[in-house]
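Here is a set of exercises to work through with the sequence and the model side by side. Try each task on your own before you read its solution.

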Amino acid sequence: MTKTGKFDVIVVGSGPGGATVARELSRSGKKVLLAEWGGHRAIKGTLFQATVAASIPGKSMLFTPDFASVFRGIISGGSSVFYYGTAFDPPLAMFKKYGVDLAEEVQEIKEELPVKPLDDSLIGAMASRIMNSAQELGYDWQKLPKFIYQDRCEAKCWKCAYGCPVGAKWSARHYVDQALDEGATLVTKTKVKKVMIHNGRAIGVESIKNGIGTRFEAPLVVVSAGGIGTPVILNNSGIKGSGDNYFFDPLIAVMGTVSKIKDGGKEIPMATGLHMEDEGYLMTDMTVPGTLFRMFNAQAFKPHKMLSHAKSLTIMIKAKDDLGGQLSARGGVKKKIEATDRNKLQKGFERAKKILENAGAKNIYHSAYLAAHPGGTAKIGQVVDNNLQTEIDNLYVCDCSVIPEAWGLPPTLTLVALGKRLAKHLSN
Ligand SMILES: Cc1cc2nc3c(=O)[nH]c(=O)nc-3n(C[C@H](O)[C@H](O)[C@H](O)COP(=O)(O)OP(=O)(O)OC[C@H]3O[C@@H](n4cnc5c(N)ncnc54)[C@H](O)[C@@H]3O)c2cc1C
């Protein structure tokens with residue numbers, strides 16, 4: 001079946017990269033089709049919804065050869081529906097080296113979105129205790145900027161990781177909804193297989209929904225299926241060079257037990273922290289919901305800790321891993337956590353251990369390896385140019401794939417900036 005003639009642009013994937021492009025282009029009057037593999041049900045903040053969208057083995061929960069779990073959200077709004085809402089500025093100088101200036105877009109985002117540290121009343125007891133301890137030891141550990149509408153946010157709510165049910169945490173779902181308000185069309189449960197190319201130009205996409213193939217036609221295609229989804233589509237479309245030599249920002253959760261904390265375990269994760277840039281990792285508090293905590297403990301072979309959620313302090317160590325590895329043709333993550341990355345995580349673990357001990361914690365241990373930011377799989381300068389166009393005319397990429405170097409940071413603010421910049425380029 002072919003659907004034709006109606007759209008100026010097809011955007012594939014509705015995470016922070018795709019939703020931003022779709023929203024901005026819709027606002028500038030373009031007829032946008034947003035093709036999304038996941039569904040568009042209201043975000044409920046339930047374990048069930050988070051499991052279906054972000055923890056299905058082989059689909060949204062992938063495993064590396066070291067059995068590190070890599071999560072992604074297959075849902076309208078992408079992984080940002082389940083992210084922790086921490087905002088980090090892009091490394092502007094690094095992007096400038098590739099001819100990409102994001103300063104103007106970063107400024108626009110800060111004027112438009114709620115990017116600032118939480119009020120003290122929203123910082124949980126566990127995050128405060130960790131921050132105080134780190135500061136006592138001389139670390140410049142501070143509150144981190146969050147993408148949170150604080151007037152809608154409730155203290156002691158812990159549902160960020162399951163998707164914010166009250167819309168307080170900004171996610172790309174907000175931009176999907178705004179794109180729809182501006183007239184964009186969203187097709188859900190639609191998995192794009194490849195881009196159709198004719199005479200060196202993109203002319204549409206082939207997709208599948210409930211086993212039925214559909215072609216959508218448009219003279220412009222933006223692939224934003226995320227760091228793993230995008231290279232699969234590019235390879236299926238005959239575009240070489242993507243899917244190798246990437247990052248996935250491996251992390252561990254360092255946990256220690258204290259005596260019971262009032263309302264322990266019910267708070268916004270990643271509210272405070274410190275970027276140890278020279279040592280190549282980020283440290284933050286990371287109190288997760290009880291089920292995730294129990295999963296961390298099961299994976300770390302600590303079943304006796306599974307009931308200690310309300311009295312466990314957790315620090316996340318997220319490393320800037322060296323580029324490496326391949327993706328399989330279907331998006332399997334064939335990348336190992338190398339010795340240099342393990343050393344970074346170990347160094348972070350030792351620092352976190354001292355911070356937790358100083359906070360009164362005992363029996364300190366860490367989770368298995370996890371990863372949450374696969375990217376660099378279709379890099380600027382290799383697979384796309386500095387306007388994010390591939391070797392094919394009118395075929396662009398805008399998501400975590402285009403990040404050109406090793407990373408180690410929460411990427412969402414950067415992806416929204418890239419989306420805004422691309423939309424300006426395409427509107428000219
Ligand atoms: C637990 C967790 C916590 C995080 N916390 C933070 C944080 O605090 N701050 C931060 O900045 N970042 C955080 N991140 C990372 C952040 O969410 C992602 O880096 C970001 O969402 C990536 O955006 P993207 O547009 O590249 O891809 P995604 O958000 O992954 O979106 C890709 C979209 O494409 C769709 N898709 C995939 N394949 C296809 C296909 N073939 N056809 C159609 N659609 C397809 C997917 O369903 C999805 O909607 C976190 C991530 C996780 C998992």
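The C-alpha centres of domain 1 and domain 2 lie 29 Å apart. This is a predicted model, in which local features need pLDDT of at least 70 and side-chain atom pairs count only at pLDDT 80 or more, while totals for chains, interfaces and linings use all residues. Residues are numbered from 1 along each chain as its sequence is written.

**Exercise 1.** Work out which stretches belong to each domain, and which element gives the most to the side of domain 1 that touches domain 2.

*Solution.* 
- Step 1: Domain 1 takes in 2-40 + 75-113 + 170-242 + 375-427, and domain 2 takes in 118-164 + 248-371. These bounds come from an automatic or database domain assignment.
- Step 2: Contact joins 20 residues of domain 1 to 25 residues of domain 2; two residues are in contact if their C-beta atoms, placed from the backbone, lie within 7 Å.
- Step 3: On the domain 1 side, H7 gives the most, with 5 residues. Helices (H or I, at least four residues) and strands (E, at least two) are DSSP runs, numbered from the N terminus.
- Step 4: Sorted by class, that side has 12 nonpolar, 8 polar and no charged residues. Here Ala, Val, Leu, Ile, Met, Phe, Trp, Tyr, Cys and Pro count as nonpolar, Asp, Glu, Lys and Arg as charged, and the others, Gly among them, as polar.

## Around the ligand

**Exercise 2.** Find which residues come nearest to the ligand, and which helix gives the most to the shell.

*Solution.* 
- Step 1: There are 41 residues around the ligand, and Gly13, Gly15, Gly78, Gly229 and Pro410 come nearest. A residue is near if its C-beta atom, placed from the backbone, lies within 6 Å of the molecule.
- Step 2: At least two shell residues each come from helix H1 (16-27), strand E10 (191-198), helix H7 (226-236) and helix H10 (412-427).
- Step 3: H7 gives the most to this shell, with 4 residues.
- Step 4: By class, the shell holds 19 nonpolar, 18 polar and 4 charged residues.

**Exercise 3.** Look at H10: how many of its residues are buried?

*Solution.* 
- Step 1: A residue is buried if 20 or more other C-beta atoms lie within 10 Å of its own, exposed if 12 or fewer, and partly exposed in between, with C-beta atoms placed from the backbone.
- Step 2: In H10, 13 of the 16 residues are buried, and the helix is mostly covered.
- Step 3: From first C-alpha to last, H10 reaches 22 Å, close to the 22 Å expected at 1.5 Å a residue; the expected span is 1.5 Å times one less than the number of residues.

## Single residues

**Exercise 4.** Is Ala134 buried or exposed, and which residues does Ala134 touch?

*Solution.* 
- Step 1: Ala134 sits in helix H5 (residues 125-136).
- Step 2: Ala134 counts as buried because it has 26 C-beta neighbours inside 10 Å.
- Step 3: Leaving aside residues up to four places away in sequence, Ala134 touches Tyr139, Trp141, Leu274 and Ile355. Leu274 is 140 residues away along the chain, yet its C-alpha atom is separated from that of Ala134 by 9.4 Å.

**Exercise 5.** Describe the backbone and setting of Lys189.

*Solution.* 
- Step 1: Lys189 is not a glycine, but has a positive phi of about 50 degrees.
- Step 2: Lys189 lies in the loop between strand E9 (185-187) and E10.
- Step 3: With 14 C-beta neighbours inside 10 Å, Lys189 counts as partly exposed.
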